[in-house]
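Welcome, and thanks for opening the viewer. Keep your selection tool ready, and we will walk through a few stops together.

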Amino acid sequence: MTLVRGMPHIGFFIALVVLTIPPALSGEAARVFNGLPFTRSYALAEIGDIPRGARLSFDALGRIAVINDGSVIVLNDATWMDIAEKSPSGEPVLQFLREKGGTTYYCGQGAWGTVEYTAEGKMRPRSVVPASCPKWVSITNFSEIIPGGAGVYFSGWNGVVYWDRASSDHLFFAVPQIARMFTVRDKVFVSSLTNGIQWIDLPSRSLRPLTGEGLAGVVIEKETKLSDGRVLVATAGRQL
C-alpha cells in the first residue's frame, strides 16, 4: 500500500453531481423548474426524536434510513417510520449493512449479528455474540461492518471482531483508538491513533504493521474505493 499525498487542508470528501439539462428544457420550458435535482429538507423534529450526529444508511428496499439509539427510521414515501424491532437483550443498533448476497448485518454496543425481516417489514436483530468475550468488547460501540470472504469484520474504538459464518467462531483483535477500518483488494486494514496502520492476518490470527515510505504517524479517517482497485483516503492530517 502506497500513500499518495496531495491536496492539503482538505479533511472531507466532496461529491459533485453533474447535471445535464436537455435542449427541450432550455428557454421558456426551463423556467417552470425551480432547481434540479428536486430536493426537500426534513427537520429533525419531523423525523422523530433524533439528535444531531445520527447515522445515515439505506434499508433493503433502498429507502434512506436514519439510525439512532436502536431506531432505524426510514422515509416511506412522505412518512418517516421506525422499522427496527427492539432486541430482547436491548442492545441498540448503531449500524447495519446489507451485502450483495442479501444478508443484512448489524452492530452496536458490545453487539453484532444478522438481521431478520418480519412479515410486517420490521428489522429483527439476531445476535451472534458468544457467551465469553474479552473485557473490552462490552464497552465498545461497534460502528463499522465489512463482509470479507467466509466471515464478517465488526470494528469499534477498542478493537475488531471477526466472525466466521460457517463455523460461528470468533477472533478478537484488541486495537486501541481505531479511527477507521477499510479494505484494499482482499486485505482488511485498521488505522489507529496509537498503533498506526495494520492489516489483519487471519491465518496467523494476528495484526501486522503496514510499513512504507510516508506511512509513519498517518491516521486514516475516511476512505473510498476507486475503479482501478486503489483507495482514496483522507487522513487526520487533512490530506488526501
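In which strand is phenylalanine 58 found? Select residues 55–58: this is strand β1, and phenylalanine 58 lies in it. Keep in mind as you look that this is a predicted model.

**Stop 1: the surface**

**Stop 2: a sheet**

Next, switch to a cartoon view and find the open sheet of 4 strands, ordered β13-β14-β15-β16 and paired antiparallel. Its edge strands are β13 (178–184) and β16 (206–209), each of which pairs on one side only. From one strand to the next, the twist averages 30 degrees.

Zoom in on β14 (residues 187–192) and β15 (residues 196–201), an antiparallel pair with 4 bridges. Pick phenylalanine 189, and then tryptophan 199, its bridge partner in β15.

**Stop 3: aromatic rings**

Show the aromatic side chains; the structure holds 8 aromatic pairs. For one of them, select tyrosine 153 and tyrosine 162: the ring centres are 4.8 Å apart and the planes meet at 50 degrees, so the pair is tilted. Are these two tyrosines buried or exposed? Tyrosine 153 is buried, at 5% relative accessible area, and tyrosine 162 is buried too, at 6%.

Finally, select Trp112, Trp136, Phe142, Phe154 and Phe172, which form one aromatic cluster.

Technical notes. Residues numbered from 1 in each chain as written. Predicted model: local features only at pLDDT ≥ 70, side-chain atom pairs only at ≥ 80, totals over all residues. Heavy atoms only, no water. Helix = DSSP H or I, 4+ residues; strand = E, 2+ residues; numbered from the N terminus. Pairing = 2+ DSSP bridges. Axes fitted to C-alpha atoms, helices over the stretch in contact; angles between N-to-C directions. Phe/Tyr/Trp six-rings, centres within 6.5 Å; stacked < 30°, edge-to-face > 60°. Buried < 20%, exposed > 50% of the residue type's maximum accessible area, 1.4 Å probe, protein only.
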